[in-house]
Amino acid sequence: MDWGKGIVLTIVAFVIIMISMVTICVKQDDIHLVTENYYQEEIKYQDQIEKIINATLLEEEVLTFDTQAKIVSLNLPIGAKGTLHLFRPSDARLDQKIDFDIANPAENAVNVGALKPGYWRVKLTWEDEGKAYYQEKQINI
C-alpha cells in the first residue's frame, strides 16, 4: 500500500464518520428548551425582578422543603393565590404547574415524593393584597 491509497482511505473514512454524525444529530428529537417563548420572557424579566424584591422583603421564609417527608410547604396567608411550578431542568416533560388559592392555612403543603428523584427547581409565584411575589428554591428529591 502506498501513500496515495492511505490518504484516500483516510479521507473516505473521515467523510463517512462526518455523514453519520450529521445524520445522528438531525434525527435527535429529545431537545428541550427551558421555555418556548424565550424572547418574550426576557422582555418581561423586569417584572420578575420586582416580584423577587417583594419576596425578599418579607420577614418569614415562604417556601420550605422537608427532605425526610418530601413535602414542600407554603407559608402564605389566607387569600393568597398563585402557581407552584415544579421545574426539572434536565427534562421538560416532567415539569408540573399547580395553581393554588390558600383558603385554609393547614392545607398549604404539596407532597413531591411521587416525582422522579433528582434535581428540581421549585418556583413559587403568588399574589397577596394586590402585590406580586416570586420565590425559587432548589431541591433534591
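## Ground rules

Buried means under 20% relative accessible area, exposed over 50%, and partly exposed in between (1.4 Å probe, protein chains only). Lys 137, with a relative accessible area of 26%, is therefore partly exposed.

The model here is predicted, so local features need pLDDT of at least 70 and side-chain atom pairs count only at pLDDT 80 or more, while totals for chains, interfaces and linings use all residues. Residues are numbered from 1 along each chain as its sequence is written, and side-chain values use heavy atoms, with hydrogens and water left out.

Let's start at helix 1, which covers residues 3-27. Helices (H or I, at least four residues) and strands (E, at least two) are DSSP runs, numbered from the N terminus. A nonpolar patch on the surface includes Trp 3, Ile 7, Phe 14, Met 18 and Ile 24, and its members together have about 1100 Å² of accessible area. Patches are made of residues with over 30% relative accessible area and no salt bridge; like charges are joined within 9 Å, and nonpolar side chains (Val, Leu, Ile, Met, Phe, Trp, Tyr) within 5 Å. The areas come from the Shrake-Rupley method with a 1.4 Å probe, and for residues only the protein chains shown count as cover.

Within helix 1, Met 18 has a relative accessible area of 39%, so Met 18 is partly exposed. Val 26 is in helix 1 too, and its relative accessible area of 65% makes Val 26 exposed. From Val 26 to Ala 103 there are 77 residues in sequence and 50 Å in space, C-alpha to C-alpha.

Helix 3 has 12 residues (45-56) and should span 16 Å at 1.5 Å a residue, which agrees with the 17 Å between its end C-alpha atoms. The expected span is 1.5 Å times one less than the number of residues. Its buried residues are Gln 48, Asn 54 and Ala 55. They cover an arc of only 120° around the axis, so they lie on the same side of helix 3; the arc is that of the directions from the helix axis to the C-beta atoms. These buried residues pack against strand 6 (119-128) and strand 7 (131-140), where contact means heavy atoms within 4.5 Å.

Leu 57 sits in the loop between helix 3 and strand 1 (63-66) and is exposed, at 61% relative accessible area. Leu 57 and Tyr 133 are 76 residues apart in sequence, yet 10.0 Å apart in space, C-alpha to C-alpha.

## Salt bridges

The whole structure holds three salt bridges, each a side-chain nitrogen of Lys or Arg within 4 Å of a carboxyl oxygen of Asp or Glu. One of them joins Glu 61 and Lys 137 at 3.1 Å, N to O. Glu 61 lies in the loop between helix 3 and strand 1 and Lys 137 in strand 7, so this pair ties together parts 76 residues apart in sequence.

Asp 91 pairs with Arg 93, with the closest N and O atoms 2.9 Å apart. Here Asp 91 is buried at 14% relative accessibility, whereas Arg 93 is exposed at 58%. Glu 136 and Arg 121 meet at 3.9 Å, N to O, linking strand 7 with strand 6 across 15 residues.

## Two positive phi angles

Most residues other than glycine have a negative phi. Lys 70, in the loop between strand 1 and strand 2 (71-74), has a positive phi near 55°. Glu 129 also has a phi near 55°; Glu 129 is in the loop between strand 6 and strand 7 and is exposed at 80% relative accessibility.
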